[in-house]
Amino acid sequence: MQENTMEKPTFTFQPTPEDISTQTGAVMVELVKVTKIYPPDVVALRNVSFTARRGEIIFLTGASGAGKSTLLKLLCRQERPTKGLIEINGTDINKLKSAATQRLRQNIGVAYQDFRLLPRQSVYQNIAMAMEVQFKSVKEIRQRVTELLDKLSLIEKRNKPAGKLSRGEQQRVVIARAVANAPPLLLADEPTGNLDSNTTLLVMGLFHELNESGSAIIIATHDKSIYEGSNHRQFELHQGEITQIT
Ligand SMILES: Nc1ncnc2c1ncn2[C@@H]1O[C@H](COP(=O)(O)OP(=O)(O)OP(=O)(O)O)[C@@H](O)[C@H]1O
Ligand SMILES: [Mg+2]
């Protein structure tokens, strides 16, 4: 396996001398009394307060429809809260102008539940494009993408169109794309839903490696095998209300 060539991840969307994201254990994500109502009247999240610290792995569990994806979508500003405050690195993300929102998004890796791959583009290209938009060098992109394909057991699929892959293979491409830039914050929505137990271990190994380099990771999941017995905090959503379990 190749060395991890990525630099230590730091948030750059609002660089300040006292950038708290460089301190392990500092608060990175804070939700205060957040409610999300989808029009006209679907209450997806109700009065949710929640904190994630730098370098932390958090599991977000709960039944289908409980609000897990909604919470992740609020964090990357794909959705806006109806009420309440969402801060990342001490900044109210719903007050960011469009350029700052772009920079915020560049600091957050998202493995979407519904994948959002470009089906006609190759596996390699789907992952590489996440790095191209951040102007990484061709050499760095080649090294990193190859490293990820290797770690996720996808090397032989590198030139296949993503749309021709199995669900489990596509899921791994989505994960590789989300972690490619070693983002300071990774949001993984049901990342092991289509994977067998061995492939689940590969994905979790990659997440732990990223976490050891300083990234915070929030994982929405139904997969007990990845959170039971772990020493990471678990929050459960039940009809939009959050409870800390561990
Ligand atoms: N765009 C939307 N418009 C209206 N209602 C929505 C929308 N997205 C989600 N919902 C509703 O909000 C609630 C929470 O949905 P969400 O997708 O966050 O749940 P989830 O916990 O991720 O579920 P799953 O485990 O099935 O992925 C559900 O009642 C869902 O039907
Ligand atoms: Mg979901």
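Strand 9 (residues 233-238) and strand 10 (residues 241-244) pair in the antiparallel sense over four bridges, where pairing requires that DSSP finds at least two bridges between the strands, and where strands (E, at least two residues) and helices (H or I, at least four) are DSSP runs numbered from the N terminus. The two strands form a hairpin with two residues between them, and Gln 239 in the turn has a positive phi of about 45°. This is a predicted model, in which local features need pLDDT of at least 70 and side-chain atom pairs count only at pLDDT 80 or more, whereas totals for chains, interfaces and linings use all residues. Residues are numbered from 1 along each chain as its sequence is written, and chains are lettered from A and ligands numbered from 1 in the order in which they are written.

**Strand pairing**

- Strand 9 also pairs with strand 3 (residues 57-61), here in the parallel sense and over four bridges.
- Phe 235 of strand 9 is the bridge partner of Leu 60, and Phe 235 also stands opposite Gln 244 in strand 10.
- Elsewhere, four strands form an open sheet in the order 2-1-4-5, with antiparallel pairing; its edge strands, each pairing on one side only, are strand 2 (42-53) and strand 5 (91-92).
- Within that sheet, strand 1 (residues 27-38) and strand 2 pair in the antiparallel sense over eight bridges, and Val 43 in strand 2 is the bridge partner of Ile 37.

**Overall fold**

- The secondary structure of the chain comes to seven helices and 10 strands.
- The radius of gyration, taken over C-alpha atoms, is 17 Å, close to the 18 Å that the globule rule gives for 246 residues, so the chain is as compact as a globular protein of that length; the rule is 2.2 Å times the number of residues to the power 0.38.
- Taken along the principal axes, the C-alpha atoms fill a box of roughly 45 × 40 × 35 Å.
- Buried residues make up 40% of the 246 residues in the chain, a residue being buried if 20 or more other C-beta atoms, placed from the backbone, lie within 10 Å of its own, exposed if 12 or fewer do, and partly exposed in between.
- Of the contacts with a separation of 6 or more, 73% join residues 24 or more positions apart, a contact being a pair of residues whose C-beta atoms, placed from the backbone, lie within 7 Å.

**Helix 5**

- Helix 5 (residues 167-179) has 13 residues that should span 18 Å at 1.5 Å a residue, which agrees with the 19 Å between its end C-alpha atoms; the expected span is 1.5 Å times one less than the number of residues.
- Because 11 of its 13 residues are buried, helix 5 is largely enclosed by the rest of the structure; among these buried residues are Glu 169, Arg 172, Val 173, Ile 175 and Arg 177.
- The cover over the buried residues of helix 5 includes strand 6 (108-111), helix 3 (123-132), helix 4 (138-151), strand 7 (185-189) and helix 6 (197-212).

**Surroundings of ligand 1**

- The residues around ligand 1 include Tyr 38, Val 42, Ala 44, Lys 68, Ser 69, Thr 70 and Gln 113, where a residue counts as near if its C-beta atom, placed from the backbone, lies within 6 Å of the molecule.
- Strand 2 and helix 1 (68-75) are the elements that give two or more residues to this shell, and helix 1 gives the most, with three residues.
- By class, the shell has four nonpolar, seven polar and one charged residues, with Ala, Val, Leu, Ile, Met, Phe, Trp, Tyr, Cys and Pro counted as nonpolar, Asp, Glu, Lys and Arg as charged, and the others, Gly among them, as polar.

**Loops and backbone geometry**

- Most residues other than glycine have a negative phi, and most peptide bonds are trans.
- The peptide bond from Pro 39 to Pro 40 is cis, with omega near -5°, and Pro 40 lies in the loop between strand 1 and strand 2.
- Arg 116, in the loop between strand 6 and helix 3, has a positive phi near 60° and counts as exposed, with 11 C-beta neighbours inside 10 Å.
- Ala 182, in the loop between helix 5 and strand 7, has a positive phi near 45° and counts as partly exposed, with 19 C-beta neighbours inside 10 Å.
- Gln 134, in the loop between helix 3 and helix 4, is exposed, with 12 other C-beta atoms within 10 Å.
- Leaving aside neighbours within four places in sequence, Gln 134 is in contact with Gln 106 and Asn 181.

Methods: Two residues are in contact if their C-beta atoms, placed from the backbone, lie within 7 Å.
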